[in-house]
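Hello,

Here is the structure I said I would pass on. My notes on what was found in it follow below.

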Amino acid sequence: MAATLAARDRRFGQLMAAPGLAALLLVIVFPILFTLYTSAFDFTLINPRHDTFVGLDHYARAFGLAEFGNALRVTLWFVVAVVVLEFAVGFLVALMLNAVERGKAVYYAILLCPLLINPVVVGLIWRMFLHPELGIANYVLGLVGLGPVNWLGDPTNAFWTLVAVDIWHQVSFMIVLLLAGLASLPKEPYEAARMEGAGTLACFWHVTLPLMRPVILVTLLIRLIFAVRTYDLVYIMTRGGPGQATDLVSYFIYRQAFVGLNIGQASALAVLLLLIVLVLTAWLYRHMRSLV
Amino acid sequence: MLVRRAAATILPHAVLVVFSAAILLPLLWVLRVSLTDKLTAYRIPPEWTEPRLDNYIEIFTAYRFADWFTNSLLVALASTLLALPLAVAMAYAFARHDTGGAPLRLGVLASQMLPPIVLVVPLFALFLGAGLLNTYAALVIAHLTFNIPFLAWMLVAFFEGEVKQLEEAARIEGATRFQAFIRVSVPLAAPGIMAAGLLGFILSWNEFLLALILSGRATQTLPVGLSSLETHRGVEIALLAAAALMAILPVFVLLPFLRKYLIKGLSLGALK
């Protein structure tokens with residue numbers, strides 16, 4: 001009897017999950033299989049047919065392509081820069097917020113703003129501020145005797161401008177999650193540490209950091225994966241340039257597919273990007289389960 | 001000692017005020033630009049004029065702002081409302097009966113984390129073949145790719161946090177499994193389902209890459225429409241500022257309903 005009940009429960013679960021899973025198979029798994037298949041053909045938007053089989057040529061070409069190497073390198077630097085800087089600023093602000101009572105709600109409401117703004121809008125308004133002659137940024141710098149800075153016209157500047165705008169947009173993500181982690185820490189370890197005469201800094205190193213480790217890991221990993229996907233800001237602010245200084249991998253694949261019209265090659269690159277993100281997601285999943 | 005204590009209370013506020021200013025000043029500047037006339041908007045050093053609302057009216061005549069807005073609303077509503085029942089049922093199965101176990105959960109998480117560029121390449125080729133490019137259907141289908149996994153992943157956390165006793169009581173009184181789900185579990189999870197739905201709506205409202213590639217002139221969503229302004233010759237920044245603020249308005253209107261669920265949404269259910 002118990003066995004049949006369990007079997008019926010299982011059957012019910014399968015029935016409930018079936019429509020959603022069918023939809024996911026159709027809109028996600030099927031397109032990915034199509035990508036895998038297409039990556040082995042000379043499929044272009046001039047001749048959108050699977051008639052010329054090329055095997056693994058697109059993959060071999062991807063690794064020989066200097067531009068792809070560049071895109072991976074730029075993406076790696078971008079991801080490292082935004083994750084590290086957003087974490088540093090975010091953790092500092094979260095610690096400060098956790099230490100105040102008065103005005104906390106106001107600070108919190110303000111910092112939520114950028115998170116809710118469409119990335120396209122973020123890119124557009126910063127382009128407006130950073131215009132070399134007509135932008136307010138260079139005017140303000142001029143008031144204190146600095147600049148003018150060519151924010152988006154020089155390769156190194158453009159890269160760091162992109163990083164800075166991403167920080168403005170996304171640092172609050174870190175703050176919100178790290179603050180949630182800090183707020184849920186138990187009080188006792190701090191009291192024990194204080195009894196033993198530990199100062200503020202010692203408390204931070206020996207109590208806060210170890211207790212926050214799981215939250216920090218999950219926060220960093222989620223942000224990391226989203227940073228790898230960055231596309232909108234590049235499209236709006238730099239179009240990958242100047243040269244290829246901000247040619248993040250998503251933008252590079254976009255160019256291959258919709259400027260170069262080479263869907264076959266773009267599919268191979270998409271498969272490689274997919275593998276990277278899958279590895280990162282599996283890593284995230286393990287840490288998320290340990291948090292619950 | 002007193003000095004140190006004073007420093008300890010002032011320092012956090014100093015950091016927070018500087019940080020808040022860095023967030024708020026650019027937004028206030030956009031607001032200011034949106035309220036000036038077109039020529040003043042460009043003047044450096046800035047000049048102050050009487051605030052005016054002309055730009056907010058002109059975005060509807062100079063650009064196809066109303067169309068973009070309607071298209072975004074349509075696509076976001078349709079994809080969220082289609083995804084919601086599928087995701088609710090799936091999340092319930094995961095939470096109560098562990099359907100599919102860890103592999104399936106990982107699959108749903110991975111679906112959600114997929115870079116949009118990975119999906120837009122095949123979707124474009126497939127829609128091209130099926131003659132679906134530039135249709136609303138194409139956009140709605142494309143937005144299901146993130147809305148279904150996002151909602152399902154969020155809702156698993158809600159159903160797992162729910163008490164099972166009421167459901168079991170309903171079962172003992174003779175309700176079928178499905179009746180217990182519809183009459184007990186769903187109403188109990190209703191606030192969470194609403195919040196997840198709003199978050200899904202916002203994801204879709206803000207989505208850019210899929211809409212950029214798969215929409216045509218008639219189906220352009222707001223982010224795509226706005227991005228095209230940037231390539232227009234002689235873009236009017238006063239108009240742009242007004243359009244940008246109008247585009248983010250709906251999200252800010254929804255914010256009060258989300259505050260409680262925002263952390264769960266951002267951390268993909270990992271934190272409360």
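**Notes on the model**

Leaving aside neighbours within four places in sequence, A:Pro48 is in contact with A:Phe43, B:Ala125 and B:Leu128. Please keep in mind that this is a predicted model. A:Pro48 sits in the loop that runs between α1 and α2 (57-64) of chain A. A:Pro48 and A:Gly90 are 42 residues apart along chain A, and 47 Å separate their C-alpha atoms.

**Where the chains meet**

Across the two chains, 77 residues of chain A are in contact with 72 residues of chain B. On the chain A side, helix α1 (residues 2-38) gives the largest share, with 18 residues. Sorted by class, the side of chain A that touches chain B holds 62 nonpolar, ten polar and five charged residues.

Helix α11 (residues 222-229) of chain B is one place where both chains take part in the covering. The buried ones are B:Leu222, B:Pro223, B:Val224, B:Gly225, B:Leu226 and B:Ser227. From chain A, the elements that cover them include α5 (119-129) and α10 (232-237). From chain B, they include α4 (65-97), α9 (177-206), α10 (209-214) and α12 (237-258).

**Chain B as a whole**

Chain B has 13 helices and zero strands. The radius of gyration of chain B is 23 Å, while the globule rule gives 19 Å for 272 residues; the value is well over the rule, so chain B is more spread out than a compact globule. Taken along the principal axes, the C-alpha atoms of chain B fill a box of roughly 75 × 75 × 30 Å. Buried residues account for 48% of the 272 residues in chain B. Among contacts in chain B with a separation of 6 or more, 78% join residues 24 or more positions apart.

**Domains of chain B**

How many residues of domain 1 of chain B are in contact with domain 2 of chain B? Four residues of domain 1 are in contact with six residues of domain 2. On the domain 1 side of that contact, three residues are nonpolar, one is polar and none is charged.

**The nonpolar core**

The largest nonpolar core has 165 residues, and those that touch the most other members are B:Ala87, B:Met90, B:Ala91, B:Leu155 and B:Ala244. Helix α7 (residues 136-160) of chain B supplies the largest share of this core, 18 residues. Why does this core lie between domain 1 and domain 2 of chain B? Domain 1 (2-34) and domain 2 (64-266) of chain B both give residues to the core, so it lies between them.

B:Leu155 is worth a look on screen. Not counting residues up to four places away in sequence, B:Leu155 touches B:Ala87, B:Val88, B:Ala91, B:Gly192, B:Ile193 and B:Ala196.

Regards

Methods. Residues numbered from 1 in each chain as written. Chains lettered and ligands numbered in written order. Predicted model: local features only at pLDDT ≥ 70, side-chain atom pairs only at ≥ 80, totals over all residues. Buried ≥ 20, exposed ≤ 12 C-beta atoms within 10 Å, placed from the backbone. Helix = DSSP H or I, 4+ residues; strand = E, 2+ residues; numbered from the N terminus. Contact = placed C-beta atoms within 7 Å. Nonpolar A, V, L, I, M, F, W, Y, C, P; charged D, E, K, R; others polar. Rg over C-alpha atoms; globule rule 2.2 N^0.38 Å. Core = buried A, V, L, I, M, F, W, Y, C linked by C-beta atoms within 7 Å. Domains from an automatic or database assignment.
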